[in-house]
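Subject: Handing over the structure

Hi,

Here is the structure I promised to pass on to you. Have a look at it first, and then read on for my notes on what turned up.

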Amino acid sequence: MDTSKDQSLLQLRSVRKVFARGTIDEVTALYGINLDIYPDDFVTIIGSNGAGKSTLLNIIAGVFPPEMGGKVIIGGEDVTDLSEYKHATYVGRVWQEPHVGTAGKLTIEENLSLALLRGRPRGLRPSLNKQHRELFRSALAPLGLGLEDRLNTLVGTLSGGQRQALALVMATISKPVLLLLDEHIATLDPRTAQIVLNLSDMIVQRERMTTIMVTHNMELALRYGNRLIMMHKGRIIVDIGQQDKQALTINDLVTAFEQAAGEQLTDESMLLSHR
Amino acid sequence: MLPATIQGILTSSLSDGLIYAFVAVGVFITFRVLAFPDLTVDGSFVTGGSIAAVMIVSGHNSFLATIAAIGGGLACGAVTGLLNTKLRITALLAGILMMVSLYSVNLRIMSGANIPLLRQITIFKSIANFFGTAKSVILVIGILAVLALIVFMILNWFLRTELGLALRASGDNEQMIRGLGSDTDKNTIIGCSLSNGMVALSGALVAQNQGFCDVNMGIGMIVMGLAAVIIGGALFHPRGVASMLLAALGGTFVYRLFITIALRLGLAPGDLKLITAVLVVIALCIPYIQKKARHEWMPPAVKF
């Protein structure tokens with residue numbers, strides 16, 4: 001019996017996705033992806049534009065379902081046909097743009113209160129109380145940004161880096177079983193990007209959270225996580241575990257890419273992004 | 001002589017301001033909280049009035065009739081929300097479709113275009129009877145003020161609850177709140193429903209106060225509500241739930257003050273809707289003109 005299959009936290013089975021079906025713009029974004037992610041995995045996914053990384057994350061997050069026959073199973077439950085807000089019970093997500101993951105017209109504490117109720121019914125209890133505020137302060141203090149003293153500040157007045165750090169706390173505060181980081185530092189300046197990246201790593205380690213981080217940047221993909229997946233044109237072409245990953249270099253990745261894809265790696269943004 | 005005129009202007013603005021404040025609060029919920037431009041208002045206002053009128057004429061208690069009117073408004077708004085979320089019809093179109101179809105529905109409810117309520121026991125008369133007095137402007141203002149306070153307190157509480165906060169987040173960042181596990185379809189339906197419940201309450205009160213319900217009395221209600229919300233926002237710069245609700249109330253009063261003065265200056269009542277519309281146009285284009293003056297760019301207005 002295959003026991004590892006029972007233990008996997010996320011199972012994707014024959015996940016296909018076609019956009020604009022039946023039109024001249026028809027494009028297959030994913031070809032029959034099979035993937036198992038295990039508890040405590042920190043998986044980095046790398047690939048050039050059009051590789052299918054975002055489509056994959058969107059399917060895991062339930063933004064849209066895969067084509068008929070595909071399956072998405074999280075924590076043993078088949079969530080394939082559940083709507084996005086139900087996926088949220090299991091999946092926390094940080095988007096590329098800080099303004100997507102936070103609500104600018106609400107205060108920091110209101111944003112965190114919304115995040116705290118992930119996956120729970122929202123009723124007619126007051127959304128904020130003293131215990132909540134204490135919890136929020138202790139969640140924000142480790143960021144070292146001073147946000148814990150500004151609970152009543154409108155999020156729209158924060159900087160991009162501060163907002164993204166808040167988005168990170170919001171994605172993790174209710175401890176979903178899976179954390180998706182969707183190129184979440186791509187729009188930040190290098191220094192802020194490094195800070196947010198360190199915070200991500202700190203939170204993931206502390207909460208032992210199963211994480212999938214999508215990135216354009218090979219160096220990041222090598223430096224973080226215990227498993228590296230490379231996608232190309234809707235397929236997984238490289239899947240490297242912890243032991244092989246430690247010895248891996250960017251040149252190895254380029255070689256692996258060229259062997260697997262059977263073509264030259266031309267996406268400069270992937271090669272040159274050595275943040 | 002002069003103080004009496006001013007007093008007259010103030011009391012009539014106050015009673016009209018309070019009675020239409022529920023429309024402003026309704027418009028505030030859809031436009032400002034949900035960011036859902038809902039035009040159902042012109043129809044649901046009359047639905048509230050006609051349900052109350054029909055029930056009062058057929059001998060029901062005026063309180064019951066007013067509550068039933070709120071129920072009718074809640075149902076209208078829920079249908080608008082369903083059209084938008086479950087059938088993916090844009091908010092503006094869903095509201096227009098409802099506004100038009102409610103015109104027919106309202107004619108059916110009233111079995112005609114007009115119901116007089118002059119000798120009926122309205123909510124105002126029954127409270128006047130209870131206190132053993134006749135219906136007066138001061139009494140009407142008192143009743144409306146108590147009602148407005150109750151509605152204010154309920155909404156101020158609701159918008160701070162877990163559900164109410166999720167509603168506000170739906171209007172601010174729908175993608176985020178869905179990603180945090182809140183059903184945005186449900187939030188939209190609840191918000192639209194609540195909004196039109198308030199509007200229908202206003203319709204029921206207006207019909208009972210003026211002594212008749214007319215199928216055309218809702219025309220331009222949405223623009224009036226919008227004007228009140230915009231004026232309130234510009235004058236009071238509200239931040240936070242309570243002050244935003246109060247700004248909607250205050251905005252309605254200031255708007256009615258304009259209107260009352262305009263009427264006393266000799267403008268025909270028929271001109272009021274044009275004046276209101278011009279007021280809203282001016283308020284809406286100010287940000288663009290300001291940006292233009294600073295040579296800043298502003299994207300074209302959305303078509304849908």
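Let me start with a strand pair in chain A: strand S4 (residues 71-74) and S5(A) pair in the antiparallel sense over two bridges. Pairing here means that DSSP finds at least two bridges between two strands. Helices (H or I, at least four residues) and strands (E, at least two) are DSSP runs, numbered from the N terminus. Within this pair, A:Ile74 stands opposite A:Glu77 of S5(A).

Before going further, a word on the model: it is predicted, local features need pLDDT of at least 70, side-chain atom pairs count only at pLDDT 80 or more, and totals for chains, interfaces and linings use all residues. Residues are numbered from 1 along each chain as its sequence is written, chains are lettered from A and ligands numbered from 1 in the order in which they are written, and side-chain values use heavy atoms, with hydrogens and water left out.

Chain A: the sheets

S4(A) and S5(A) belong to an open sheet of four strands with antiparallel pairing, in the order S2-S1-S4-S5. The edges are taken by strand S2 (27-37) and strand S5 (77-78) of chain A; each has a single partner strand, so one side of each has no neighbour in the sheet. Across S1 (10-19), S2 and S4 of chain A lies helix H2 (residues 53-61), which runs at about 120 degrees to S1(A). For that angle, axes are lines fitted to C-alpha atoms, for helices over the stretch in contact, and angles run from 0 to 180 degrees between N-to-C directions.

Another strand to look at is S8 (residues 210-215) of chain A. How many of its residues are buried? Six of the six are, so S8(A) is largely enclosed by the rest of the structure. Buried means under 20% relative accessible area, exposed over 50%, and partly exposed in between (1.4 Å probe, protein chains only). In a regular strand the side chains alternate between the two faces of the sheet. On one side of S8(A) the buried residues are A:Thr210, A:Ile212 and A:Val214, and on the other they are A:Thr211, A:Met213 and A:Thr215.

S8(A) also has parallel partners. Strand S3 (residues 42-46) of chain A is joined to S8(A) by five bridges, with A:Thr44 opposite A:Met213. Strand S7 (residues 178-182) of chain A runs parallel to S8(A) too, again over five bridges, and there A:Leu180 has A:Ile212 as its bridge partner.

Further along, strands S9 (residues 227-232) and S10 (residues 235-240) of chain A run antiparallel and are joined by five bridges. They form a hairpin with two residues between them, and A:Lys233 in the turn has a positive phi of about 50 degrees. A:His232 stands opposite A:Arg235 in S10(A).

Chain A: a buried loop residue

A:Val155 sits in the loop between helix H6 (130-140) and helix H7 (160-172) of chain A. Its relative accessibility is 0%, so A:Val155 counts as buried. Leaving aside neighbours within four places in sequence, its contacts (heavy atoms within 4.5 Å) include A:Thr102, A:Leu106, A:Asn111 and A:Arg163. A:Leu106 is 49 residues away from A:Val155 in sequence, yet their C-alpha atoms are 6.2 Å apart.

Chain B

Chain B has twelve helices and two strands. Of its 304 residues, 51% count as buried, and its C-alpha trace spans about 60 × 45 × 35 Å along the principal axes.

Helix H9 (residues 184-210) of chain B has 27 residues and reaches 39 Å from first C-alpha to last, close to the 39 Å expected at 1.5 Å a residue; the expected span is 1.5 Å times one less than the number of residues. H9(B) is mostly covered, with 22 of its 27 residues buried. B:Asp183 caps its N-terminal end, a side-chain oxygen lying 3.2 Å from the backbone nitrogen of B:Asp185. Just after H9(B), B:Gly211 takes a positive phi of about 90 degrees.

Finally, B:Ser126 is found in helix H5 (residues 123-130) of chain B. Is B:Ser126 buried or exposed? With a relative accessible area of 19%, B:Ser126 is buried. A polar atom of its side chain lies 3.2 Å from the backbone oxygen of B:Ile123. Not counting residues up to four places away in sequence, B:Ser126 touches B:Ser62, B:Phe63 and B:Ile121.

Happy exploring!

Conventions. Polar contact = N/O pair within 3.5 Å; in protein donor to acceptor, adjacent residues only side chain to side chain.
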